[in-house]
Every structure is written in structure tokens, then in C-alpha cells.
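Here is a short walk through one protein structure. Keep the sequence and the model side by side as you read.

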Amino acid sequence: MSLGDPLPWLLVVAAAHLGFQLTVDLVVYPALGEMPDERWAHAHQRHSSRITPVVAAVYPPLVGVLAWAVVSRPDDPATWLAVAGGALSVLTTAAVAAPTHGRLSGVGPDERAPLLRRLDRADRVRTLGAAACLVGALLAL
């Protein structure tokens, strides 16, 4: 592997992304979902402000390295598996998770429950995508 090889970087960003997703899926969202009604708005606002810099640290490098890998290895099926998994996570975040978080701000408990279920399902899809991305990165090496 040369310095110009995206595969080691793909492995790093894919592993970081899966670690982030597992933490959100298994720790952060369950804790947020257990917030009592009187603490919900404050907890959700704090979650949103805290998670944004982490998303900004994980997603741009992921997208950049995935693009680099495709340009460098366009005929490698393992690279495409990584790209498909990463794209699934990123697109699910943009199309489902982020808008759902926006809708969760300021809603009451009755409206919150279905939105939290939607967010939970989206997060499972994102975690599955992150796992596929890491598997593709490992196979590409």
C-alpha cells in the first residue's frame, strides 16, 4: 500500500463511523428515549447541540474517502460494498434522521412516540450501512 492508497483510510473512517453509529444506536438514543416528559425538550436540545460536531467530524471524511476509493478502485466490488453501506448511512441521515430530529423539537409526548420509533428504525438502517461499509473496507484490503 502506498501513501496514495485510500484503503487504509477507508478502514479507519469506516471503523470510526461504525463505532459512532453503534454508540448512538445502543446508548444515546435509548437514553434519550427514556427522558421524562418534563426533561425532554432540554435533553433533546442538548443532544442535538452535542451530536452535531461529532457528525461533522465523522461524515465529511467518510464521504471524502469513499469518493477517493471509488476513483482509485472503480472495478473493486469490495469498494462498492463500502460505498453502498456508507451511502446508505449518509442518505438515511439526511433524508430521515435529521428531519425527524427537527420535528421532535417542541412536540408533546403523543407526537413524540411515533417520531422516536421512526428515528430508531432509521438508526438501525444507518448502523447496518456502517457495518456494510466496514465489511467492504476489510474485504478491499
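V12 sits in helix α1. Bear in mind that the model is predicted.

R103, R117, R118 and R121 form a positive patch. Helix α4, residues 109-140, gives the most to this patch, with three residues. Take R117 as an example from helix α4.

Now turn to paired charges. Side chains of opposite charge can pair when their charged atoms come close. The model has five salt bridges. One of them joins R112 and D37, with N and O 3.0 Å apart. R112 belongs to helix α4 and D37 to helix α2, so this bridge ties together parts that are 75 residues apart in sequence. The two partners differ in cover. R112 is buried, at 7% relative accessibility. D37 is partly exposed, at 46%.

Other bridges stay within one helix. D123 and R126 form a salt bridge, and their closest N and O atoms are 2.5 Å apart. These two residues of helix α4 are three residues apart, so about one helical turn separates them. How well covered are D123 and R126? D123 has 0% relative accessibility and counts as buried. R126, at 6%, is buried too.

Salt bridges with shared partners also join D25, D120 and R124 into one network. Within it, D120 bridges to R124, with the closest N and O atoms 3.5 Å apart. Both residues lie in helix α4, four residues apart, or about one turn of the helix. D120 is partly exposed, with a relative accessible area of 30%. R124 is partly exposed as well, at 43%.

Last come the aromatic rings. A pair of such rings is described by the distance of the centres and the angle of the planes. The count here is one aromatic pair. Its members are F20 and Y59, with ring centres 6.4 Å apart and planes at 85°, so the pair is edge-to-face. The pair links distant parts of the chain. F20 is in helix α1, residues 7-33, and Y59 is in helix α2, residues 37-72. They are 39 residues apart. Are these two residues buried or exposed? Both F20 and Y59 are buried.

Terms used. Residues are numbered from 1 along each chain as its sequence is written. This is a predicted model: local features need pLDDT of at least 70, side-chain atom pairs count only at pLDDT 80 or more; totals for chains, interfaces and linings use all residues. Side-chain values use heavy atoms; hydrogens and water are left out. Rings of Phe, Tyr and Trp (its six-membered ring) pair if their centres lie within 6.5 Å; planes under 30 degrees apart count as stacked, over 60 as edge-to-face and the rest as tilted. Buried means under 20% relative accessible area, exposed over 50%, partly exposed in between (1.4 Å probe, protein chains only). Patches are made of residues with over 30% relative accessible area and no salt bridge: like charges are joined within 9 Å, nonpolar side chains (Val, Leu, Ile, Met, Phe, Trp, Tyr) within 5 Å. Accessible areas come from the Shrake-Rupley method with a 1.4 Å probe; for residues, only the protein chains shown count as cover. A salt bridge is a side-chain nitrogen of Lys or Arg within 4 Å of a carboxyl oxygen of Asp or Glu. Lys and Arg count as positive and Asp and Glu as negative; His and the chain ends are not counted. The place of a charge is taken as NZ of Lys, CZ of Arg, CG of Asp or CD of Glu.
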